[in-house]
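I opened this model to look up its core, its surface patch and its charged pairs. My entries are below, in the order I made them.

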Amino acid sequence: EGAVPPEVGIFYPWVSEVLAKNYKALVLEPEHRFYGESLPYGNRSFTPESLTVLNSQQALADAAHFIRAQQQRWNCTARGTEGYCPVLTIGGSYPGFLSAMMRLRYPAVVDMAYA
């Protein structure tokens, strides 16, 4: 596994080509810390002190923060209201684990997970 360039698109084309178009959904593909170009501490990202945030708990917290920021950016309203933006997380392998755990650990943020 590694970085996925934006022009390649999501691993599951039916999400962006079928579901997103059908439901007028926004598809976002955030990059995990320390993978690809995401180096949270620049050149010092791989020191023992910096690597303390390279764990699944931090990845889940990062994702929850990212989702909430996007909902705010797109003016989403509260769950159950007309302007609500439901959240579906999708992944396979380690991203699948993160997808499922997002639904379990952050049920107020993630509406459904597909792993």
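This is a predicted model: local features need pLDDT of at least 70, side-chain atom pairs count only at pLDDT 80 or more; totals for chains, interfaces and linings use all residues.

I looked up the largest nonpolar core and found nine residues: A59, L60, A64, I67, V87, L98, M102, V109 and V110. Helices α2 (56-73) and α3 each give two or more residues to this core. The largest share, four residues, comes from α2. In general, nonpolar side chains of soluble globular proteins tend to be buried together.

I then listed the contacts of V87, leaving out neighbours within four places in sequence. V87 is in contact with I67, Q71, V109, V110, D111 and M112.

**Around S99.** Is S99 buried or exposed? I count S99 as buried because its relative accessible area is 3%, under the 20% cut-off. S99 sits in helix α3 (residues 94-105). A polar atom of the S99 side chain lies 3.5 Å from the backbone nitrogen of I90. Not counting residues up to four places away in sequence, S99 touches T89, I90, G91, A113 and Y114.

**Q70.** I found Q70 in helix α2. Its relative accessible area is 15%, so Q70 is buried.

**Surface patch.** I noted a nonpolar surface patch of about 490 Å², made by W14, V18, L88, M112 and Y114. Both α1 (13-23) and β2 (112-114) supply at least two of its residues. L88 belongs to strand β1 (residues 88-90). L88 is partly exposed, at 38% relative accessible area.

**Salt bridges.** How many salt bridges does a search of the whole structure find? I got three.

- K21 and E17 meet through their side chains at 3.0 Å, N to O. Both lie in helix α1, four residues apart, about one turn of the helix. K21 counts as exposed at 56% relative accessibility, whereas E17 is partly exposed at 47%.
- D62 pairs with R33, with the closest N and O atoms 2.6 Å apart. This pair links distant parts of the chain, with D62 in helix α2 and R33 in the loop between α1 and α2, 29 residues apart. D62 is partly exposed at 24%, and R33 is partly exposed at 23%.
- D111 pairs with R79, with the closest N and O atoms 2.7 Å apart. D111 is in the loop between α3 and β2 and R79 in the loop between α2 and β1, 32 residues apart. D111 is partly exposed at 23%, and R79 is partly exposed at 43%.

Conventions. Residues are numbered from 1 along each chain as its sequence is written. Side-chain values use heavy atoms; hydrogens and water are left out. Patches are made of residues with over 30% relative accessible area and no salt bridge: like charges are joined within 9 Å, nonpolar side chains (Val, Leu, Ile, Met, Phe, Trp, Tyr) within 5 Å. Accessible areas come from the Shrake-Rupley method with a 1.4 Å probe; for residues, only the protein chains shown count as cover. A salt bridge is a side-chain nitrogen of Lys or Arg within 4 Å of a carboxyl oxygen of Asp or Glu. Buried means under 20% relative accessible area, exposed over 50%, partly exposed in between (1.4 Å probe, protein chains only). A polar contact is a pair of N or O atoms within 3.5 Å; within protein, one must be able to donate a hydrogen and the other to accept it, and residues adjacent in sequence count only if both atoms are side-chain atoms. Contact means heavy atoms within 4.5 Å. A nonpolar core is a set of buried Ala, Val, Leu, Ile, Met, Phe, Trp, Tyr and Cys residues joined through side-chain atoms within 4.5 Å.
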